[in-house]
Amino acid sequence: MGLGKQVSIVDNYKKKIKSHSTFTITLCEFCHKRNFKNCSLSILKYSTDINIQLNHEHTCFICENFFKVVLPSIIIKIDSQLAEFKNYKSKIDIGTTLPYRFYEKEDYIRSIFKIKGLVNIKNEINFRIREEIKRTFQFEIDHANPECKLDIVINEDLSFSVNSKNRQFYLIGRYKKLKRGIPQKIQAEKESAISGSNNNDTINYSKSALSVESFVLNALSYLYSTNAIKISWTGGEDRNSLVAGGGRPFIVKIKSNTPVIKYREFFKGDGMEIWFKKIEPKLIKDIHRYRQQVKVLVKLEEDFSDRNDLEEKVKSIVGKVKFEIKKKTMIRNIYESTLVAIEKNNLEIHLCLDNGIPIKQLIGGMDPIEPCFSRILGCKCECLYFDIMEFIQSN
Ligand SMILES: [Zn+2]
């Protein structure tokens, strides 16, 4: 971009100054006051009498009437940009990027008149915009820790853009499922294109169907736009599983102009209970590390009710468990395994195990997993359902 061209602006002035006996530089009231504190000055340079004139009609040498013309439109633009904040006093900060020639021309005048130690044009622009934001919108300016930062970029032709860079926020959520049949994620239904002319499938998200995800999005939608929300689950359970105890933790990342939840928010309904709380990013990785207490109903292929080694066999699964997820071998721990009830070929087992162990697989052993109940009991086992009773955070 035209550094050479910008240098020539001052060069042109130098030439003009040299070829005239008097030369007048007009400034707007802002640039005049900032540099000359309201007193007109003139100086003799290259045998030319240079005059500084405060003039409201002509174009300002330094800012090219930025303060009078462009700045008010920037305030209007910020007003619309911050519309979703209106009912919330947010902490914001602004920064500006100016065309290089603004600095160059101010520096040039300052070098001629030996002006030192005053704020420059950028300082004044930032100051005026910030004051306007404080006055008009009652927002708090916070340089150190803003919730939203506005970057105002002034282009060479004095057109401008206002970009908002939002901090990312994280919430920890916990959900409980008090009734069966609620999937964790919004169910995507694949539908083939009607024409059938190509194989492009369209994915329809049935938003009306209840899921934990749809409940979370709905609960947060009064504060954040849905596009700004990204959920990371820390594990999942079956559609038909209940989730009790303190609830399964999950993380919500929010990129938005709008404020964070500052205290615990609780939502209840449709067989679910969910709450959210703000969490610091550095604490997120530990959220995934927890043990679950699980109640499993197992169906055996044969009636085992008269086997007297059953309790011991169920207990023997305690220890390391090895399985594969996406061709990666995982090793996790089972801490407790207790036979609670038996009725013909149905067993109720309580397990305490690390998050992430596929429970249906652990029972049935269809996919590679070692150990599994089918092999331990020497009989084909099937997990009818499992409920998560409690979550215990690991250290
Ligand atoms: Zn000016």
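Where does Asp142 lie? Asp142 sits in the loop that runs between strand 5 (140-141) and strand 6 (148-154), with helices (H or I, at least four residues) and strands (E, at least two) taken as DSSP runs and numbered from the N terminus. The model is a predicted one, where local features need pLDDT of at least 70, side-chain atom pairs count only at pLDDT 80 or more, and totals for chains, interfaces and linings use all residues. Residues are numbered from 1 along each chain as its sequence is written, and side-chain values use heavy atoms, with hydrogens and water left out.

Asp142 is buried, at a relative accessible area of 15%; buried means under 20% relative accessible area, exposed over 50%, and partly exposed in between (1.4 Å probe, protein chains only). Neighbours within four places in sequence aside, Asp142 is in contact with Lys91, Ile92 and Asp93, contact being heavy atoms within 4.5 Å.

For the protein overall, the secondary structure comes to ten helices and 20 strands. Of its 395 residues, 43% count as buried. Among contacts between residues at least 6 apart in sequence, 73% join residues at least 24 apart.

The zinc ion is held by cysteines: its protein donors are the SG atoms of Cys28, Cys31, Cys60 and Cys63, at 2.2 to 2.3 Å. Donors here are N, O and S atoms within 2.8 Å of the metal (3.2 Å for Na, K and Ca), and water is not among the atoms, so sites may look incomplete. Along the chain the donors of the zinc ion follow the spacing C-x2-C-x28-C-x2-C, and both Cys60 and Cys63 are buried. The angles among the four donor atoms run from 105 to 113°, and the site is tetrahedral. That label applies to four donors if all angles lie between 85 and 135 degrees; four count as square planar and six as octahedral if opposite donors are over 155 degrees apart and all others between 65 and 115, and anything else is irregular.

Next, the nonpolar cores, each a set of buried Ala, Val, Leu, Ile, Met, Phe, Trp, Tyr and Cys residues joined through side-chain atoms within 4.5 Å. The largest has 57 residues, of which Phe250, Phe276, Val296 and Leu362 touch the most other members. Helix 6 (residues 212-220) gives the most to this core, with six residues. Domain 2 (168-191 + 203-287) and domain 3 (290-393) both give residues to this core, so it lies between them; the domain bounds come from an automatic or database domain assignment. A second, separate core has 44 residues, including Phe30, Ile133, Leu158 and Val162.

Helix 6 is largely enclosed by the rest of the structure, because seven of its nine residues are buried. Those residues are Val212, Ser214, Phe215, Val216, Leu217, Ala219 and Leu220. What covers them includes strand 8, strand 11 (229-233), strand 12, strand 13 (265-269) and strand 14.

Strand 8 (residues 168-177) is likewise largely enclosed, since eight of its ten residues are buried. Strands pair if DSSP finds at least two bridges between them. Nine bridges join strand 8 to strand 12 (residues 243-255), running antiparallel, and Tyr175 stands opposite Arg248 of strand 12. Strand 8 is also antiparallel to strand 14, with seven bridges, and there Ile172 stands opposite Lys277. Ile172 and Leu283 are 111 residues apart in sequence and 9.8 Å apart in space, C-alpha to C-alpha. Leu283 is in the loop between strand 14 (272-278) and helix 7 (284-287), and is partly exposed at 42% relative accessible area.
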